[in-house]
Amino acid sequence: MARERRWRFGHGEVFAVLFALSFAVARFLPALALGQTCPFRALTGLPCATCGMTRAFVRLAHGELAGAVGASPLGALLAGLAWLFVALAVVRAVAGSPWPALAPGRPRGLAILAVGALLANWAFLVVANRP
Amino acid sequence: MLARCFRCQNTFETERFGTQTCPSCGSEIYLPDPSAPPATATPPDAPRQPTPPPLPPPGAGGPGWGPPPSGWNPAAAPPPGWGPTPPGAVPPAVEQSAPFADRERRGFFASYLETWKLAAVDPGRFFRQVRVNQVRSALLFGTLAVTLGNWVALVVSYLTASATVSFFARLTRRFDGRVDTTPLFQMMQGFTLPSLIGQLVATPLLALLGIYFTAGVFHLLLLVVRGAPRGFDATLTVVAYASGIFLLRALPVCGGIIALVWFIVMAVHGLAEAQRCGSGKAAFAVLGPLVLLCVFACLAGVVAGLAGMSGLRGLGGTAPPGTGI
């Protein structure tokens, strides 16, 4: 009996497209040449929590792991996880398997971890970028 | 059997009646046993009540609640659905489709305008009642609004770019070089026709992805405070319908800032009602990043001031090289 495939384009697939686009932009477009300035940094002289993310994505997309981590450790981690997610989404779509279900309470734990990581990354950026 | 939580509206499987806990939101709910005797059953030794008279045949009127009181008028029309709520009346917590989700029957533009009006003017009621499992309609609604608003804003910016540049040139002369307008000049000079066309083409996709991204951030923060019992669909529905307000970006000069403030208000109201999580948690999810940014800036200022006072080099002295992006 043939196994029924119930593949649909859901939220996971949309986020996969979002992450795939981030790779395409970081790899093939001159994202750093736009010369955008962080308003928080312009006002306070300090990096914001997401400063360096664009550089981290661009450098990791060009294979410069050390440069990516130096620009923003969380940015480098986020880029790696996002692109891994894209690969998993493609494999999942081809295999027709469902997304793994998270145990109750696990999403909240991951969310707290993410917020903690963001704050830790911010502290790192402030210390690392001090004059 | 399948039970539905009265609080989060999620369904779950259970094997028993009585008091139990909803696995989605943790609320304590009571499932009455339909086969159990009523709680007000008369004891066996109680005097028997007289047998009520037999019901009249169908169509002959009610069994006799007496004549209606004077001044009472039967309703002339069925319940109004998304119509205005009478003053003082509490709207029912029954979920219904947004008018835009019913656009095939109501007409595209009429349903769009009605939904826009409901979400913008009465967000609390709209998001309390709107169904959260019709995400595609919500996404189409939000993407259309953001796209149209952005298109008009882009075209206006393009048409007024030269005027803006000359205005800032005059301003720069007046401030005698004290204000650095170079980045603005560069931005305006880079706003060419090809870049305008590129942005116009990319706007719908960026609008859709922006709605997803915003919903993702809000949902992450809701998860931290246990404020997302109805799942990502509810958050995405709120963000998508609330994004309809970005149609106001079509208004030159002040449309963008009005839309942003209004969006924040709608998102707080909407998340509180759609997720049934209360205004505090919703405000944390929407305003949390901004508040955190302000608190951090204040702390950084205090630390820099203390460092300066103690003769150390402050953290916030001169801006380090690089743009920060």
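In chain A, the buried residues of H3(A) pack against H1, H4 and H5. Here a residue is called buried if 20 or more other C-beta atoms lie within 10 Å of its own, exposed if 12 or fewer do, and partly exposed in between, with C-beta atoms placed from the backbone. Helices (H or I, at least four residues) and strands (E, at least two) are DSSP runs, numbered from the N terminus. This is a predicted model, in which local features need pLDDT of at least 70 and side-chain atom pairs count only at pLDDT 80 or more, while totals for chains, interfaces and linings use all residues. Residues are numbered from 1 along each chain as its sequence is written, and chains are lettered from A and ligands numbered from 1 in the order in which they are written.

H3(A) is mostly covered, with 8 of its 9 residues buried. Those buried residues are A:Met53, A:Thr54, A:Arg55, A:Ala56, A:Phe57, A:Val58, A:Arg59 and A:Leu60. Just past the end of H3(A), A:Gly63 has a positive phi of about 80 degrees.

Two packed helices are described by the angle between their axes and the distance between the axes. Axes are lines fitted to C-alpha atoms, for helices over the stretch in contact, and angles run from 0 to 180 degrees between N-to-C directions. Helix H1 (residues 11–28) of chain A packs with H3(A) at about 80 degrees, the axes being 8 Å apart. That makes H1(A) roughly perpendicular to H3(A); angles under 35 degrees count as roughly parallel, over 145 as roughly antiparallel, 65 to 115 as roughly perpendicular and the rest as oblique. A:Ser22, A:Phe23, A:Ala26 and A:Arg27 of H1(A) meet A:Phe57, A:Val58 and A:Ala61 of H3(A), where two residues are in contact if their C-beta atoms, placed from the backbone, lie within 7 Å. By class, the residues of this contact split into 5 nonpolar, 1 polar and 1 charged. For these classes, Ala, Val, Leu, Ile, Met, Phe, Trp, Tyr, Cys and Pro count as nonpolar, Asp, Glu, Lys and Arg as charged, and the others, Gly among them, as polar.

On to H5(A). Just after H5(A) comes A:Gly96, with a positive phi of about 70 degrees.

Taken whole, chain A has 6 helices and 0 strands, and 25% of its 131 residues count as buried. Of the contacts in chain A with a separation of 6 or more, 52% are between residues 24 or more positions apart. Chain B comes to 10 helices and 4 strands, in the order β-β-β-β-α-α-α-α-α-α-α-α-α-α along the sequence. Buried residues make up 27% of its 325 residues.

The two chains meet where H6(A) packs with helix H7 (residues 193–224) of chain B, at about 110 degrees and with axes 8 Å apart. H6(A) and H7(B) are therefore roughly perpendicular to each other. A:Pro107, A:Arg108, A:Ala111, A:Ile112, A:Ala114 and A:Val115 of H6(A) touch B:Leu220, B:Leu223 and B:Val224 of H7(B). This contact has 8 nonpolar, no polar and 1 charged residues.

The loop between H7 and H8 of chain B holds B:Gly227, which is buried, with 25 other C-beta atoms within 10 Å. Leaving aside residues up to four places away in sequence, B:Gly227 touches B:Leu222, B:Gln275, B:Cys277, B:Lys281, B:Ala282 and B:Ala285.

Further along chain B, the axes of helix H8 (residues 231–242) and helix H9 (residues 255–274) come within 9 Å and cross at roughly 150 degrees. That makes H8(B) roughly antiparallel to H9(B). Among the residues making this contact are B:Ala234 and B:Val238 of H8(B) and B:Phe263 and B:Leu271 of H9(B). The residues of the contact of H8(B) with H9(B) comprise 9 nonpolar, 3 polar and no charged.
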